[in-house]
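Visitor: Could you take me through some features of this fold? I would like the criteria stated as we go.

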Amino acid sequence: MDIMLQTIFDNVIEGNKNEVETAVRDALAAGVPPETLLNTGLISAMEEVGKRFEMGEFYVPEMLIAARAMQSGLSCLKPSLIKSGIQAKGKVIMGTVQGDLHEIGKNLVATMLEGAGFEVIDLGTDVPAEKFIAAVKESQPNLIGMSALLTTTMQNMSKTIQALKEAGALDKVKVIVGGAPVTEKFAQEIGADGYASDASRAVALAKRLIFE
Ligand code: B1M
């Protein structure tokens with residue numbers, strides 16, 4: 001791995017927020033493509049953090065500080081990921097479902113959607129069905145994006161879709177789902193309109209569902 005990417009990777013794992021910010025800025029200034037920084041530096045570091053957690057080498061606090069470092073890196077990268085001057089193409093409500101506090105993937109999807117010209121209303125994490133319903137009624141989006149990172153909370157995607165249907169909030173709105181444990185098959189089973197395995201596929205899916 002390139003030395004700059006290795007520095008980002010190592011500092012995310014060690015939770016060194018300031019070093020990650022500096023390394024991301026230096027790499028951008030040196031002309032490293034933002035997508036490479038994102039995938040090879042930041043995302044792969046979080047995958048390594050997950051592996052260490054599974055092996056019992058890392059605990060929640062280490063995971064948390066690594067996540068903070070990753071978020072800082074992502075913030076530095078955000079302006080480069082978002083291309084300025086793009087006209088909004090549609091409105092998307094995003095949230096991590098109830099019981100789930102994981103936000104990095106959801107934030108990344110939101111950033112990439114913004115970059116593609118969508119207006120994104122981010123409801124945050126641990127979002128109950130009622131909050132999605134209220135947001136649909138208030139903002140009338142074209143699309144709802146739900147994220148879940150836990151096998152226990154992915155079931156809440158199904159409950160949320162059900163509640164949205166019962167409230168008549170899905171008559172004109174499509175739903176897409178994603179997150180590490182979520183699959184295409186699961187998305188179909190729960191009645192979602194689409195599934196994407198990563199943020200750029202989520203953007204392509206959103207465009208397809210809204211404009212085709
Ligand atoms: Co948690 N955690 N965590 N965690 N955490 C995982 C998910 C886990 C796989 C770790 C492991 O065991 N290897 C495991 C889940 C196991 C399971 O359910 N099968 C786990 C666990 C167990 C837990 C706790 C229960 C730990 C505990 O307390 N004992 C606890 C639960 C808290 C809760 O939510 N109620 C917990 C807590 C945390 C922290 C708070 C410490 C922290 C989150 C901090 C934060 O987000 N601010 C955290 C972290 C950081 C992780 C790992 C290490 C990294 C997640 C991440 O940010 N990845 C994670 C291990 C892993 O995933 N390898 C783990 C980077 C991110 C870019 O990827 O979110 O997958 P991801 O998003 C991807 C795609 O999934 C997709 O696009 C993104 C890439 O482009 N995507 C979408 C995501 N959402 C999408 C939506 C879409 C489309 C695509 O459309 C709408």
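Visitor: Which strands does helix 7 lie across?
Guide: Helix 7 (residues 155–166) lies across strand 3 (143–147) and strand 4, and runs at about 155° to strand 3. Contact means heavy atoms within 4.5 Å; axes are lines fitted to C-alpha atoms, for helices over the stretch in contact, with angles from 0 to 180 degrees between N-to-C directions. Helices (H or I, at least four residues) and strands (E, at least two) are DSSP runs numbered from the N terminus.

Visitor: What is the model's origin, and which thresholds apply?
Guide: This is a predicted model, where local features need pLDDT of at least 70, side-chain atom pairs count only at pLDDT 80 or more, and totals for chains, interfaces and linings use all residues. Residues are numbered from 1 along each chain as its sequence is written, and side-chain values use heavy atoms, leaving out hydrogens and water.

Visitor: In what order do the strands sit in the sheet?
Guide: The open sheet has 5 strands in the order 2-1-3-4-5, with parallel pairing; two strands pair if DSSP finds at least two bridges between them. Strand 2 and strand 5 (194–195) are the edge strands, each pairing on one side only.

Visitor: How many bridges join strand 4 and strand 5?
Guide: Strand 4 (residues 174–178) pairs with strand 5 over 2 bridges, in the parallel sense. Val 177 stands opposite Tyr 195 in strand 5.
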